[in-house]
Each structure stands twice: as structure tokens, then as C-alpha cells.
Amino acid sequence: MAQTLPGAIAWWARMRGDQPAVVLAGETLTYRDYHDWSGRVAAMLIADGLVAGDRVAICSANSLAYVALIMGIIRAGGIVNPVNFRYTAREIRELIETTEPRFAFAAPDHEARMAEAGLAPCAMSAIEALRHGEPARVTHDPEPDAPVVIIATSGSTAKPKGVVFTNRSMTAYAANWATEETSSSAGSRIISLAPLNTSAGFVQLMQYSTQGCTIYMMPQFVAVEALRLIERERITCFAAVPAFFEFIAALPEFADADLSSIRLATAGGARVSRALLDAYKAKGITIRQIYGQTEIGGNATVMPEHLALTEPEKCGWGGIFMDLRVVRPDGSDCAPGERGEILMRAPSMMQGYWRNPEETAKTIRDGWLHSGDIGTLDDQGLLTFVDRMKDLIISGGLNISAAEVERVVCEFPGVVEALAIAAPDPKFGETPLVVYHGPAEIDVAALIAYCDTNLSNYKVPRYVAFSAEPLPRLATGKLSKPAVRQTYAGAHEHLPRVR
């Protein structure tokens with residue numbers, strides 16, 4: 001079991017058997033129990049006929065049984081096939097068309113949809129029943145390069161693709177992070193906010209349990225509960241989208257909260273404002289920008305702490321085992337400050353897309369993963385994420401970075417979050433439409449005046465829409481631009497044109 005996830009759990013079961021591995025909803029799973037429970041699950045699956053390479057679908061909210069089932073599948077040689085518990089039967093059916101799971105498990109609330117999708121799920125209670133008992137002998141010996149999971153991408157514009165990770169890629173990711181960020185060494189206490197069916201949730205479980213940490217899973221993010229958890233459990237590492245940091249900082253309790261235990265705070269999915277940086281810096285915490293994506297294993301790079309306050313928009317220069325490039329369309333390296341596609345290379349990157357060699361060949365070329373994102377490198381090699389290549393508003397033949405418009409709009413007082421989308425324009429083809437959320441509607445004329453001083457004329461929004469509710473998010477916590485596009489399709493027809 002060299003360089004495998006089960007090997008890591010077996011190690012910590014010996015070294016720190018009584019240490020909590022996962023804490024969820026008041027329940028604790030120690031490393032010894034994690035190892036033993038997953039062993040009984042693996043033995044059951046093998047006895048039921050699972051052979052190496054079989055896919056096992058799981059549809060459930062986070063639970064300790066889910067954690068044990070994941071590791072049990074991997075120990076048995078199977079491949080975890082997480083199903084988003086928010087999916088409809090049709091979406092589940094589309095997901096499993098290519099993965100073709102041999103076994104399926106579902107929590108009670110999701111059994112009917114799994115059955116409607118064509119599966120015959122076993123109840124998660126069958127896994128709960130194996131929580132206690134004698135240690136089981138697992139006959140399968142996992143291989144380092146064996147696939148362990150197929151994770152569906154977020155699917156922003158097309159049908160989701162299945163990202164395949166192996167034992168080796170997941171343990172390599174953990175090794176890279178542990179070597180760079182000693183603040184997340186064995187015994188560290190981590191908050192995990194993402195569902196296990198997402199790349200963030202699955203990877204965090206694998207990463208931090210491989211490192212011997214304690215993972216505190218929150219069923220859902222509630223700012224005041226997160227703040228209490230940080231104080232009560234002396235949390236050392238906290239990673240989230242910037243909005244979650246904002247919600248915590250907005251609490252009245254934040255002023256007197258003791259956050260001195262936090263040694264690592266990272267934010268991704270959106271830019272961190274100067275006001276937010278300052279609020280946490282006053283608490284002795286430096287929020288550090290990250291960049292990454294599912295296909296690379298998770299975080300590709302994090303801004304060094306000693307540079308994060310002076311250049312907060314930058315994301316670091318890669319990792320010890322993680323190489324970064326920014327290239328032109330012909331593949332040549334961009335000059336410092338020149339925009340190009342971000343390329344990454346690391347042992348943690350995906351094996352490929354499940355049963356999709358064409359898309360795999362497009363994404364991984366000459367050993368480099370082509371991100372589909374636009375960025376720049378400065379003279380020091382520090383990366384700045386600019387935009388998604390496919391998230392451009394093309395107005396009169398000019399490319400407008402939606403992320404750039406969003407960043408400026410979010411700087412305006414009263415705007416908590418914002419997304420920029422393309423609205424049809426009879427003259428220019430497309431023009432920016434901004435949807436923002438805040439505690440109350442803002443002075444749109446003042447916002448446009450602010451944009452005028454910070455953006456080129458053609459980048460200034462022509463339409464502005466207010467959302468009284470927070471903007472929709474993907475399961476990963478990132479803002480969902482597809483959902484906003486769908487909701488505000490045609491909004492330009494009744495919104496006043498502000499420019």
C-alpha cells in the first residue's frame with residue numbers, strides 16, 4: 001500500500017489512533033475507528049462481489065458513514081462516484097451514463113431519485129450498521145496509480161466531465177501542501193465547508209486525513225456558528241470563498257472574538273477586498289489568495305504570507321511540486337504582465353477525464369494542464385488570475401474581462417457581491433450587465449461614475465440589477481454565473497440603460 005490513501009489512514013490509526021479524524025454534528029470519528037470502520041465496509045463490498053475498478057455511486061449529505069464508505073470503497077479497489085444530492089433524477093441519469101456504477105448507496109431523502117435514475121441504491125443505514133465490530137481483513141491491496149474517484153466538474157457551460165484522481169495524485173497533493181504549509185501539519189484543526197460530492201469536499205477529506213489533521217465538517221455555512229467553532233475548537237486552518245469571511249466579519253461578535261488560533265487563512269473563487277484584509281489583519285490573520293481548479297487536484301498556488309498584504313490580488317508562484325506558466329496561443333511563454341493562458345504541471349493533477357480521451361487530450365498537452373483561464377505573471381513569477389477564457393464579454397470586437405468589471409463594482413460601498421454577464425446590444429453585439437447584492441439598493445449613478453474613473457469606457461456596465469437575496473452559488477461555494485445568466489436572461493429589456 002505504498003503511497004496510497006488507505007496506507008495513510010493505517011499509519012495515523014497506529015500513530016494517533018485516539019485523535020479525532022472527522023468531527024461532524026457533535027459526533028467524532030477517531031483515526032482508529034476510521035480505519036476499522038472502513039475496513040469492515042471494504043470487506044462487505046468485496047464479499048458482495050465488488051472487483052477492482054468497479055464504480056460505487058453515493059448520494060448523501062455529509063455524514064461520518066459517508067466518510068467511512070468513501071475509504072471503504074478505495075480499500076476494496078473500487079472507484080468512488082459521488083452524486084450531488086441536489087441533482088434531479090435526470091441529472092443523476094446523465095452523470096451515471098458514462099460512469100456505470102455497479103453499486104450505489106443513498107441516504108433516505110435521495111433513494112427515490114436514485115431509483116428513478118435507474119439505480120438500485122442500498123441504504124446508508126447498511127454502512128451505519130458496520131460502525132462497530134471486530135476489525136476485518138481486507139484482501140485487496142490498493143495500487144498507487146489506481147483511480148479512486150470520479151468527480152464531476154461544476155459544468156458551467158456544458159455537460160459535466162468526470163475528473164479522475166488516483167491514490168498517487170491525491171497523496172502527492174497532500175505531500176506538496178504539507179511540505180509548503182507546515183501550519184497544517186498533523187494535529188491541525190481544519191474547517192471543511194464543502195459537500196463530499198464536490199472536488200473541494202472530497203479533496204479536503206483526502207488531503208487533511210492523509211496529513212493526520214482533524215477535520216470539522218459543517219453541514220452548512222452559518223457565520224455565527226463558524227465563528228463559535230473557530231473559537232471553541234481553536235481552529236488552525238480556514239479556507240473559504242471571500243464572502244464567507246465577509247459574513248463572519250460582519251457579525252457583532254467578531255469585534256471581541258479570539259481568532260488567535262488561526263495560522264492559515266486562504267480565500268479563492270473571488271478577490272479579497274482591502275477592507276476585508278484589514279479587518280482580519282487587525283486580528284493577526286493574513287488572508288492569502290489562492291488559485292486552482294478541480295483538474296489540478298485543488299489549490300495550485302497560494303500567495304506567500306509575507307507578500308499577501310502588499311499584493312493581495314496575486315496568487316503566488318506555484319508550489320514545490322507545482323509548476324506554472326502563462327502562454328500565448330502559439331504556446332510560447334508570455335512576457336511579464338502579458339496576458340495568456342495559465343498552464344500547470346504537478347503530480348497531483350488528474351489522470352484524465354473518465355472515458356473522454358478527446359477532452360483529456362485537449363486539456364493535457366505535453367504534460368501540461370491547460371486551465372482555460374487567463375492570467376499574468378509578474379517579474380517575480382507571481383500569478384494574477386484575470387478571467388476565464390470563456391467568460392469574456394465581447395463588445396464591438398473588444399474583449400471585456402467579466403472578472404475585472406466585477407472587481408471594480410465590488411469595491412463600491414454597499415456592494416457585497418456582484419457578477420457581470422453579457423447583455424445583447426444592437427450596436428456592439430454585447431455589453432456588460434451587472435447583478436449585485438447588498439443590504440440595500442445603491443446609487444446607480446454614483447456606481448457608474450466610480451466605474452468611469454476605474455474602467456475604460458467600453459467596460460463600464462450599461463445595465464445594473466439589484467438582488468435583495470445573496471447571489472446563487474455552486475456546491476463549491478463559488479458564485480454561479482450560469483444561474484445568474486439564466487435568471488437575468490432578457491433583463492436588459494426592462495432595466496433602464498444607465499449609459
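Strands β23 and β24 (residues 429–437) run antiparallel and are joined by nine bridges. Keep in mind as you look around that this is a predicted model.

Three strands make up an open sheet in the order β23-β24-β25, and the pairing is mixed. Its edges are formed by β23 (417–425) and β25 (463–467), each of which pairs on one side only. On average, neighbouring strands of this sheet are turned by 25° against each other, direction ignored.

What lies across β23 and β24? That is helix α14 (residues 402–411), which runs at about 130° to β23.

Now for the helix pair. Helix α1 and helix α8 pack with their axes 9 Å apart, at an angle of about 45°. The two helices, α1 and α8, are therefore oblique to each other, and their crossing is left-handed. On the α1 side, Leu5, Ala8, Ile9 and Trp12 take part, meeting Met206, Ser209 and Thr210 in α8.

| Helix | Residues | Residues in the contact |
|---|---|---|
| α1 | residues 5–15 | Leu5, Ala8, Ile9, Trp12 |
| α8 | residues 199–210 | Met206, Ser209, Thr210 |

Technical notes: Residues are numbered from 1 along each chain as its sequence is written. This is a predicted model: local features need pLDDT of at least 70, side-chain atom pairs count only at pLDDT 80 or more; totals for chains, interfaces and linings use all residues. Side-chain values use heavy atoms; hydrogens and water are left out. Axes are lines fitted to C-alpha atoms, for helices over the stretch in contact, and angles run from 0 to 180 degrees between N-to-C directions. Helices (H or I, at least four residues) and strands (E, at least two) are DSSP runs, numbered from the N terminus. Angles under 35 degrees count as roughly parallel, over 145 as roughly antiparallel, 65 to 115 as roughly perpendicular and the rest as oblique. A crossing is left-handed if the near helix is turned anticlockwise from the far one by less than a right angle, and right-handed if clockwise. Contact means heavy atoms within 4.5 Å. Two strands pair if DSSP finds at least two bridges between them.
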